[in-house]
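Let's take a walk through this model together. Have a look around first, and then we'll start with a single side chain.

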Amino acid sequence: MVAIGTSDLDIFPLALGGNTFGWTSDEAASFEILDAFTAGGGNFVDTADSYSAFADGNSGGESETIIGTWTTARGNRDDVVIATKVSQHPEFRGLAPDNIRAAADASLTRLQTDRIDVYYAHYDDDKTPLVESLAAFDDLVTAGKVRYVAISNYTPARVREWLELAKENGFAAPIALQPHYNLVARRDFEGELQKLAVEHDLGVFPYFSLAAGFLTGKYRTRQDLTGKQRERLTTGYFSDAGLDVVQGLREIAESRSAEISSVALAWLLARPGVTAPIASASRISQLPALLDAPALALTSQEVEKLTVLSDAVA
């Protein structure tokens, strides 16, 4: 178990992404995945109020609703750490104070709980003064509706501004960052954002940690993706250099009798500042490889091999 930043939240170092719930996994399949995840030692579930408004026929909030129904049915709310996000739900866009408060209440209702453990600003909102958004987040913490606040998809400059404003005004300080980060997408995190995370002891939870399935090795050509539900998300990762990374993962996986996805996640866990990758599953059969990653300690040579292959992607 690892702590999230400076908080008192202890989690298994692999977060289960809830973006598939209500999209590629119906309620029954989602319950199976959640049951298996917790049975395997997992306890941190990451979602957003907008999941999965991007899917045909959905309006947003489907993932939260399934998670809330599951925790209520299992009676295990106190055993699970839940993170969700605000700013992208079709009915609650942006980070105006009133919107943050209303979106939080809507999330609490869907999650069937009295508190959100980690509440992220999903995307920056340059139309609202940052200090006003931070005051609204702080009010939620004071009210007990949110335990901790966190930041997703912000530039290093805006993260630094957030940290400074929180300190100046006595607001609840953020405990975590959620960047886009994996072996074929390193630019957003490495550098200034990574430095800030380490300097301020922020937990780091990379999303798209398996590049929307590309780093599982199951897609060898673009044609393999045609007609698949993840086609739009995964296509952008394809390149000759990216396929070389996958081949490197495959070689290490074979030598360690591990799954390719386990190795990709283990590489992330070896990176400075990373607390736990976020990975999702549409089927219960995909879970063992995810849960195995924290115990797979790569050698320095294996990490270097993958890093060099990854360098060529940029």
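Is Arg 186 buried or exposed? Arg 186 is buried, because its relative accessible area is 15%, and buried here means under 20%, with exposed being over 50% and partly exposed in between (1.4 Å probe, protein chains only). Its side chain meets that of Glu 190 in a salt bridge, 3.0 Å from N to O; the term stands for a side-chain nitrogen of Lys or Arg within 4 Å of a carboxyl oxygen of Asp or Glu. Glu 190 counts as partly exposed, at 24% relative accessibility.

A quick word on the ground rules: this is a predicted model, where local features need pLDDT of at least 70, side-chain atom pairs count only at pLDDT 80 or more, and totals for chains, interfaces and linings use all residues. Residues are numbered from 1 along each chain as its sequence is written, and side-chain values use heavy atoms, leaving out hydrogens and water.

Now step back to the whole chain. You'll find 11 helices and 12 strands; these are DSSP runs numbered from the N terminus, with helices (H or I) of at least four residues and strands (E) of at least two. Of the 314 residues, 56% count as buried.

Back to the charges, then. By the rule above, the chain has 19 salt bridges. One of them joins Lys 85 and Asp 46, with the closest N and O atoms 2.8 Å apart. Lys 85 sits in strand E5 (residues 81–86) and Asp 46 in strand E4 (residues 44–46), so the pair ties together parts 39 residues apart in sequence. Lys 85 is buried at 0% relative accessibility, and Asp 46 is buried too, at 3%.

Another salt bridge pairs Asp 78 with Arg 115, again with closest N and O atoms 2.8 Å apart. Asp 78 lies in the loop between helix H2 (62–74) and E5, while Arg 115 lies in the loop between helix H3 (97–111) and strand E8 (116–121), 37 residues apart. Here Asp 78 is exposed at 65%, whereas Arg 115 is buried at 19%.

Finally, look for Asp 8, Arg 77, Asp 117 and Arg 147, which are linked in a network of salt bridges.
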